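These are my notebook entries on one protein chain. I wrote down what I looked up, in the order in which I looked.

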Amino acid sequence: MSIYDDLKQALEVIQKGGNIELIKKVIDIQKQAMDLMEENIAIKEENKSLQESLKTKETMVLENGFYWMEIKNQNETKKEGPFCPGCWIKENNPIPLVFNPEKPYDSNRKCPGCEVKFVMEIYEESSGSYMADHNDQYSDLM
Ligand SMILES: [Zn+2]
């Protein structure tokens, strides 16, 4: 039984006694209990969201100027990306870079979040690694 139900029962008992001041006080406490219950639900939701973002953070790795998301399965680690370094560092927002429609080649990417354009230089083609060569906008963050 919740604190709200307990207070409701207490109010029913007090109402029989007819003490107006006491009834008002219990109604006031009941309202405060409702507020606390709502706040508790909001805090639980926020906590869940923070736990999830913390989990994501643990799997983001910086490699040659770009962020990549490491997704670990049972015995396999998959790497997805690249993600925009500016959006990740500034806002903790993992935004995958997309092909730049103005220059639709594999090495040209664009962040749909902040609109920054990147040129990715493939320096180790066999391992599929990339090197960042992009606008100077985020060079202070690297
Ligand atoms: Zn961005």
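Entry 1, terms and source. I call two residues in contact, or touching, if their C-beta atoms, placed from the backbone, lie within 7 Å. I number residues from 1 along each chain as its sequence is written. I am working from a predicted model, in which local features need pLDDT of at least 70 and side-chain atom pairs count only at pLDDT 80 or more, while totals for chains, interfaces and linings use all residues.

I take helices (H or I, at least four residues) and strands (E, at least two) as DSSP runs, numbered from the N terminus. I find three helices and seven strands in the protein. Read from the N terminus, their order is α-α-β-β-β-α-β-β-β-β. I call a residue buried if 20 or more other C-beta atoms lie within 10 Å of its own, exposed if 12 or fewer, and partly exposed in between, with C-beta atoms placed from the backbone. Of the 142 residues in the protein, 12% are buried. I also looked at contacts between residues at least 6 apart in sequence, and 28% of these join residues at least 24 apart.

I checked the length of H1, residues 3–17. The expected span of a helix is 1.5 Å times one less than its number of residues. For the 15 residues of H1 this should give 21 Å, and the end C-alpha atoms are 21 Å apart, which agrees.

In what order do the three strands of the open sheet lie? I read S1-S2-S3, with antiparallel pairing. Two strands pair if DSSP finds at least two bridges between them. S1 (60–63) and S3 (77–83) stand at the edges with a single partner strand each, so one side of each has no neighbour in the sheet. Direction ignored, neighbouring strands of this sheet are turned by 35 degrees against each other on average; the axes behind this are lines fitted to C-alpha atoms, for helices over the stretch in contact, and angles run from 0 to 180 degrees between N-to-C directions.

I count four bridges between S1 and S2 (residues 66–72), which run antiparallel. Met60 has Met69 in S2 as its bridge partner, Val61 has Trp68, and Glu63 has Phe66. Between S2 and S3, also antiparallel, there are five bridges. I followed one of them, from Ile71 to Lys78 in S3.

S1 and S2 form a hairpin with two residues between them. Asn64, in the loop between S1 and S2, has a positive phi of about 50 degrees although it is not a glycine. With 15 C-beta neighbours inside 10 Å, Asn64 counts as partly exposed. Asn92 lies in the loop between H3 and strand S4 (98–99). Asn92 is not a glycine either, and its phi is positive, near 55 degrees. Is Asn92 buried or exposed? Asn92 counts as exposed, with 11 C-beta neighbours inside 10 Å. I also found a cis peptide bond between Gly81 and Pro82, with omega about 5 degrees. Pro82 is in strand S3.

By a nonpolar core I mean a set of buried Ala, Val, Leu, Ile, Met, Phe, Trp, Tyr and Cys residues joined through C-beta atoms within 7 Å. The largest one has 10 residues: Phe66, Tyr67, Phe83, Cys84, Cys87, Trp88, Leu97, Cys111, Phe118 and Met120. S2, helix H3 (85–91) and strand S6 (117–124) are the elements that give two or more residues to this core. Leaving out residues up to four places away in sequence, I find Cys111 touching Cys84, Gly86, Cys87, Ile95, Leu97 and Val116.

Lys110 sits in strand S5 (residues 108–110). Which residues does Lys110 touch, not counting residues up to four places away in sequence? I list Leu97, Val98, Asn100, Glu115 and Lys117. Lys110 counts as partly exposed, with 18 C-beta neighbours inside 10 Å. From Lys110 to Phe83 I read 9.9 Å in space, C-alpha to C-alpha, for residues 27 apart in sequence.
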